[in-house]
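Subject: Handing over a structure

Dear colleague,

I am passing on to you the structure shown below, together with some notes on what was found in it. Please keep it open beside this email as you read.

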Amino acid sequence: MIVAPERIPVAGPSISDREVELVADAARNAWYKNHAEFNNRFERMLADYVGVNHAVSTPHCTAALHLALAALGVGPGDEVIAPDVTWIASVAPIVYVGAEPVLVDIDPVTWCLDPDAVERAIGPRTKAIIGVDLYGSTCDWVRLQDIADRHGLALIEDAAEALGSVHHGRRAGAFGRVSAFSFHGSKTVVTGEGGMLATNDKDLFDRVLFLRDHGRNPGDRFFLNTEIAFKYRMSSVQAALGVAQMERIDELIARKRAIFGWYRDRLSSLQGVALNAEPPDTQNSYWMVTAVLDPQIGLDKFQLMAKLDRRNIDSRPFFSPLSSLPAFEARPGAKRFLSANDKGQRVSKYGVNLPSGYNMTEEKVAIVASAFTEAISRAT
């Protein structure tokens, strides 16, 4: 049995001396009149990279999505359409604002929101659509925008996992009315925890700035809050780390794509194994290398993970359908457009994320790929 000589983790960042330098600078100097220096730089760098006018740093992507929904006026009595197969953080903010999530199926190739399923789920209470760029793939944003425009809906892009991906010549995060990013320690760009909201809508941007600081206007020095709102700011130390990471963004994306290429060279010829897609007119940043097995192989994701674990290799399961989680048991309305035959059900059941951190070398990928091949061959 192939066993890695040391544990291979599933994810991890790339930290250079530049990150250490700027974080130390922020810890020493980002106070008093310089308190916002690194946040402003990080926000400008992200906005320029994505190709939008405005960006707002937040403590995490969940906060960015929460602020987006609140700023759009989504609330009790409203419904928001979102994918059934995603991390719960994409959908939880819908509940935070008192609205009802409506879960729909995903595309079996891109693993992102199925536009046909979205259209079928639109009703009189629908207020917005949240599309999730899953594992570096991108939604069909052209079709989703057309649907949103025809029905007068707000379109939100959850680009937490897709910084650096490109769809029809535009970078992930440039679609819809507003987008959100994550800088969790596992992501392509990291700040430890952290997020960003991005938009071209100046009015929405101003509303977000107001809501993220306890319902007061930027620069207010008298604490005359006019609404009860939120506390969603990023620290300067986190922002400094983000600045250093954004200085290296092209290098980081190239490394992610190289890691995926090493896996593709070794796994793409295996029968019954599908890796992350890159349809025409797109470029996948491949945040996480993901393999989905054909059911005929005879392994579900948890069985495959156990086999990899015995070979000293860490992995993660493809996100389970939210409709299957105990957290959604008491929300039958959220599941009314789903069925046991949904494409997302099969993809989710048989998908596993393979080690994709920046510590991966071609040699480590070869070990993982050999162990993966051995694990699935012994199941048949």
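How many of the five residues of strand E1 (residues 54-58) are buried? The model is a predicted one, and in it five of the five residues of E1 are buried, so that the strand counts as mostly covered. His 54, Val 56 and Thr 58 point one way from E1, while Ala 55 and Ser 57 point the other way, and the residues of both groups are buried. E1 is joined by five bridges to strand E9 (residues 195-199), and these two strands run antiparallel; within E9, Gly 195 is the bridge partner of Thr 58.

To place this strand in the whole, the protein chain holds twelve helices and 14 strands. Its C-alpha atoms fill a box of roughly 70 × 55 × 35 Å along the principal axes, and the radius of gyration is 21 Å, which agrees with the value near 21 Å that a compact globule of 380 residues would have. Buried residues make up 57% of the 380 residues, and, of the contacts between residues at least 6 apart in sequence, 72% join residues that are at least 24 apart. The chain exposes about 15800 Å², of which carbon and sulfur atoms supply 51%. The mean positions of its 41 positive and 46 negative charges lie 3 Å apart.

Is Ala 162 buried or exposed? With a relative accessible area of 0%, Ala 162 is buried, because buried means under 20%. Apart from its neighbours within four places in sequence, Ala 162 is in contact with Asp 133, Gly 136, Ser 137, Ala 172 and Ser 285. Ser 236, by contrast, is 74 residues from Ala 162 along the chain, and the C-alpha atoms of the two are separated by 24 Å.

Finally, there is an open sheet of four strands in the order E10-E12-E14-E13, paired in the antiparallel sense. Strand E10 (273-275) and strand E13 (316-317) stand at its edges, and because each has a single partner strand, one side of each is left without a neighbour in the sheet. E13 pairs with strand E14 (residues 351-353) over two bridges, again antiparallel, and here Arg 316 stands opposite Asn 353.

With kind regards

Note on methods. Residues numbered from 1 in each chain as written. Predicted model: local features only at pLDDT ≥ 70, side-chain atom pairs only at ≥ 80, totals over all residues. Heavy atoms only, no water. Rg over C-alpha atoms; globule rule 2.2 N^0.38 Å. Buried < 20%, exposed > 50% of the residue type's maximum accessible area, 1.4 Å probe, protein only. Contact = heavy atoms within 4.5 Å. Areas by Shrake-Rupley, 256 points an atom, 1.4 Å probe, with all protein chains shown as cover. Lys, Arg positive; Asp, Glu negative; His and termini not counted. Charge placed at Lys NZ, Arg CZ, Asp CG, Glu CD. Pairing = 2+ DSSP bridges.
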